[in-house]
Amino acid sequence: MVTNPSSRSMGTVAMRWHGDSLELLDQRLLPTEEHWITAEGAAGVVQCIADMVVRGAPAIGISAAYGVALAARHAGADDWQAEVSQAIQELAKSRPTAVNLFWALERMEQVFNSCDSLSDAAKRLAAEAVRIHEEDLAANLAMADHALGVISPVQPISVLTHCNTGALATGGYGTALGVIRRLHEERLLTRVYADETRPWLQGSRLTAWELSRDDIPVTLNADGAAAAIMASGKVKWVIVGADRITANGDVANKIGTYSLAVLARHHDIGFMVVAPSSTVDMSLASGIDIPIEQRDGTEIREIRGIQLAPAGVEVFNPVFDVTPAGLIDAIVTEKGVIRNPDIIGMRALFS
Ligand SMILES: CSC[C@@H](O)[C@@H](O)C(=O)COP(=O)(O)O
């Protein structure tokens, strides 16, 4: 069954590029407020990524690419090379774990290095950022096709997902959420169980919002309910995204992903990671090498200024964890699928 692409929803966009300015949907305010922020040059993009106005590995990379384009547009005629270089360096410091950021900046830097004038740089860097954005959307659509081949459901199934991997986290459509969209388009989805995803609540604030807007049946659950949902036999697959995948197939993703993989294995439920090749980092041998972002303890002690814990209590707040390759049934990328990932399977697609 082939779905008419024109009837397909790509989801709500996270960013709008106007050729000389970048607007970002402030994801900190969703689902109650839809407020767009115009990034103030590259420095504004750095701030928006660090503060999680825009988040999700592919969306971080795409925004950073637009940030470099903005740097060229705002640069002074005398100093443009130093200014763009500086912007690339600052953007690289905005968040540490999602390798899509560094991948996108490297692509932008390559174009930048071949520019011979400011006007050339402004034009070509903007075009490259748009290309990165468009390629991400195309990768998401391709991954959804591949994933359906892996799941090959004969009747509608329910799945569980974690964090937000939808249009808001990408160039459109989504990675894991793109697969879920595709199941829905093909009438092969009964229901999505969405982990609320403490502490930042990407599941309840973003995933439940995205799915509800597109009339995709979603049940929101506390993270701690995932084991009970799996034990009940309700879900056939856990489908998640990734922030970095290393050469042996280990996967860094939103904190809590690792425990889902352990639970899925215990309950004999499929565990699928969906991520574009821009998330693959073949320079790191294994997940132990991935820099894991630690964020401020306030994110655990408070929600929007409401105190939930004793003031000043010590907090452990890693934003991501690493799921060992051995717990993953399939990594789906736009280049193809790696089943039971290991270094051999990874090298076959990515060396
Ligand atoms: C397609 S998004 C994949 C991952 O980036 C996603 O699962 C995730 O962990 C997002 O984390 P976030 O801290 O919201 O940027």
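In the predicted model, helix α3 (residues 80-92) and helix α4 (residues 99-113) pack with their axes within 10 Å of each other, at a crossing angle of roughly 170 degrees. Since angles over 145 degrees count as roughly antiparallel, α3 and α4 are therefore assigned to that arrangement. The contact is formed by V84, I88, L91 and A92 on the side of α3, and by L101, F102, L105, M108, E109 and F112 on the side of α4. By class, the contact of α3 with α4 comprises nine nonpolar residues, no polar residues and one charged residue.

The protein chain is divided into two domains, with domain 1 spanning residues 5-137 and domain 2 spanning residues 143-350. A distance of 24 Å separates the C-alpha centres of domain 1 and domain 2. To their contact, domain 1 gives 29 residues and domain 2 gives 34 residues. On the side of domain 1 that touches domain 2, the elements that give two or more residues are α2, α4 and α5 (118-151). Helix α2 provides the largest share of that side, namely five residues. The class composition of the side of domain 1 that touches domain 2 is 15 nonpolar, nine polar and five charged residues.

The ligand is surrounded by 17 residues, of which the closest are R55, A57, A169, G241 and K254. Both domains take part in this shell, as domain 1 (5-137) and domain 2 (143-350) each supply at least three residues. Among secondary-structure elements, α2 (57-74) and β9 each contribute at least two residues to the shell around the ligand. By class, the shell around the ligand consists of seven nonpolar, seven polar and three charged residues.

Strand β9 also belongs to an open sheet of four strands, in which the order is β11-β8-β9-β14 and the pairing is mixed. Strand β8 (residues 244-246) pairs with strand β9 (residues 251-254) in the antiparallel sense, over two bridges. Helix α9 (residues 257-266) lies across β9 and β14, and the angle at which α9 runs to β14 is about 35 degrees.

Note on methods:
Residues numbered from 1 in each chain as written. Predicted model: local features only at pLDDT ≥ 70, side-chain atom pairs only at ≥ 80, totals over all residues. Pairing = 2+ DSSP bridges. Contact = placed C-beta atoms within 7 Å. Axes fitted to C-alpha atoms, helices over the stretch in contact; angles between N-to-C directions. Near = placed C-beta within 6 Å. Nonpolar A, V, L, I, M, F, W, Y, C, P; charged D, E, K, R; others polar. Domains from an automatic or database assignment. Parallel < 35°, antiparallel > 145°, perpendicular 65-115°, else oblique.
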